[in-house]
Amino acid sequence: MRRVPVQLTAPLQQPPAAGNPGFLSAKMLASGSSGNCLLVRSATTTLLIDLGLPARTVAAFLESREIPPAAVEAILLSHEHTDHLVGLGTFARKYQVPVVAEAQTLAAARSAVGRLPARTLARGSTITLGDCEVSAFPVPHDAAAPAGFLIRSGGWTIAYCVDLGSADETLVEPLRQADLVVLEANHDYDALRAGPYTPSLKARILSPFGHLSNLEAGRLIAASASSRPRTVWLAHLSAVNNSPRLALRVVGGLLKREGVSGVRLETAARDRPSLHWSSHAVGWQLPLVV
Ligand SMILES: [Zn+2]
Ligand SMILES: [Zn+2]
């Protein structure tokens with residue numbers, strides 16, 4: 001993989017001074033059709049977004065980081081598809097961690113995984129969880145009430161936006177605010193069209209309520225670019241119709257053509273813990289595109 005540094009659009013930022021309470025970090029545990037889970041930590045609060053891995057796998061990962069699973073403040077659930085909730089019921093009940101989601105999503109999740117401790121978060125609303133402000137926004141996907149999330153703490157913002165079939169202007173503003181954007185780049189259009197999936201599955205993925213292509217993801221990143229450096233994680237990559245190299249080439253190429261710089265572009269692994277982002281490291285990493 002060839003990575004070419006691009007010109008910064010803003011001066012390198014200094015990390016917050018020691019003792020500055022402003023802190024936010026993210027760790028991707030898995031991202032794809034076989035499981036999704038993102039760990040977000042602020043100065044005082046631990047959140048999970050989606051729990052599409054076995055509960056014991058997530059608990060073991062947290063314990064390896066010396067995070068007691070019961071210390072998780074909440075699990076944000078984007079939608080009720082299996083790859084986002086397979087371990088949700090067991091984890092939430094065992095550790096008494098509330099699931100935060102739209103009412104319709106909670107109802108669908110309960111019918112899939114049973115009783116859940118829960119708090120409702122309507123799309124368009126914001127709640128406070130520990131020292132984090134969490135806002136939900138609608139995304140187009142074939143689920144009951146699919147949502148993306150903005151998590152703000154200590155002056156930093158993470159946007160989580162996976163499983164969406166199309167991108168319109170309503171998504172630009174939420175993503176523009178983020179220092180870290182986690183965005184679906186599910187498939188390469190040509191690879192999907194030429195690939196082995198059945199016509200009906202191809203039609204579902206390509207529909208406005210299916211999954212986002214590399215090119216669509218690139219256009220949304222370009223449209224939501226701001227003047228400050230940011231990190232973008234391309235997520236939920238298909239194992240059959242995409243590859244990290246292809247996603248980086250298509251999205252990176254589009255950003256270059258559009259004159260967008262100051263973006264550090266990375267791909268999340270499908271089935272193992274991979275990317276880590278910390279507000280403490282912002283400014284020390286040169287933005288890269290491919
Ligand atoms: Zn999914
Ligand atoms: Zn889905």
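Tutor: Two strands are said to pair if DSSP finds at least two bridges between them, and strands themselves are DSSP runs (E, at least two residues), numbered from the N terminus. This is a predicted model, in which local features need pLDDT of at least 70, side-chain atom pairs count only at pLDDT 80 or more, and totals for chains, interfaces and linings use all residues. Residues are numbered from 1 along each chain as its sequence is written, while chains are lettered from A and ligands numbered from 1 in the order in which they are written.

The part to look at is strand 10, residues 147–153, which pairs with a strand on each of two sides. With strand 9 (residues 132–138) the pairing is antiparallel and extends over six bridges, and within it Phe137 has Gly148 of strand 10 as its bridge partner. With strand 11 (residues 156–161) strand 10 also runs antiparallel, joined by five bridges, and here Phe149 stands opposite Tyr160 of strand 11. Strand 10 and strand 11 form a hairpin with two residues between them, and in that turn Gly154 has a positive phi of about 60°.

Turning to burial, a residue counts as buried if 20 or more other C-beta atoms, placed from the backbone, lie within 10 Å of its own, as exposed if 12 or fewer do, and as partly exposed in between. By that criterion strand 10 is mostly covered, since seven of its seven residues are buried. The cover extends to both faces, with Ala147, Phe149, Ile151 and Ser153 buried on one side and Gly148, Leu150 and Arg152 buried on the other.

How values were computed. Helix = DSSP H or I, 4+ residues; strand = E, 2+ residues; numbered from the N terminus.
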